[in-house]
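Here is a short briefing for a reader new to this structure. Look over the sequence and the model first, then read on.

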Amino acid sequence: MMIITDLLFHYFSENTRILCCEPLTQLGAPKIPEGERVDFDDIHRKRMEKDLLELQTLIEVHFEQRKKEEEELIGLKARIESRRAERAEQQRVRAEKERDRQTRIAEERQRKEDEEAKKRADDEAKKKKVLSNMGAHFGGFLAKAEQKRGKRQTAREIKKKTLAERRKPLAIESLKEDGLRSVKAFTGLHFYLATC
């Protein structure tokens, strides 16, 4: 009898946790008659019945608790699966939104670059037009500026101006060595004549 009780205690203390929801039925302790004759078989039988009843009650409690835990486990697995599916859907939607956002950013960047290129081209065209107009009318502007001054030029200034207009720069980049020597000789002669 003691062995069964020890085995049950050992089994339930190590393998499961017992949450007693229902109180165990209490059997009264066997009474020993006051006479001289004691029936040990009867005492032993009552004790075995009591132990068997306790064992059956503990087994029922254990299996009910185990059934509840299995139901909780099944519910938990179902929640995990539903959450996993929901999370996968959220990630798919988020990835799709991110792709759309990246596409919009790329399109916006391309549109801005096209606008900048068009603006630069327009600015360049305006600059060229202004420069060509300025080059065509710049000589007239200088003449008008000189006329506004109202300063009379001396004969010497008139000669210098006329010579400056006639003088053309020498194109020595395309000349070979012989041509450069002749230009050098001519400039030396010109310098000599100018100083005389």
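**A partly exposed isoleucine**

Ile80 counts as partly exposed, because its relative accessibility is 39% (buried is under 20% relative accessible area, exposed over 50%, partly exposed in between, with a 1.4 Å probe and protein chains only). The model is predicted: local features need pLDDT of at least 70, side-chain atom pairs count only at pLDDT 80 or more, and totals for chains, interfaces and linings use all residues. Residues are numbered from 1 along each chain as its sequence is written, and side-chain values use heavy atoms, leaving out hydrogens and water.

**Around Ile80**
- Ile80 sits in helix H2, residues 40-149.
- Leu73, Leu76 and Ile80 make a nonpolar surface patch. Together they have about 240 Å² of accessible area.
- Patch residues have over 30% relative accessible area and no salt bridge (a Lys or Arg side-chain nitrogen within 4 Å of an Asp or Glu carboxyl oxygen); nonpolar side chains are joined within 5 Å.

**Fold**
- The chain has four helices and zero strands (DSSP runs: H or I of at least four residues, E of at least two).
- Its pattern along the sequence is α-α-α-α.

**Helix H3**
- H3 covers residues 155-166, twelve residues in total.
- Zero of the twelve residues of H3 are buried, so H3 lies largely in the open.

**Whole chain**
- Of the 196 residues in the chain, 6% are buried.
- The accessible surface is about 18700 Å² (Shrake-Rupley method, 1.4 Å probe). Carbon and sulfur atoms account for 57% of that surface.

Note on methods
The expected span of a helix is 1.5 Å times one less than its number of residues. Patches are made of residues with over 30% relative accessible area and no salt bridge: like charges are joined within 9 Å, nonpolar side chains (Val, Leu, Ile, Met, Phe, Trp, Tyr) within 5 Å.
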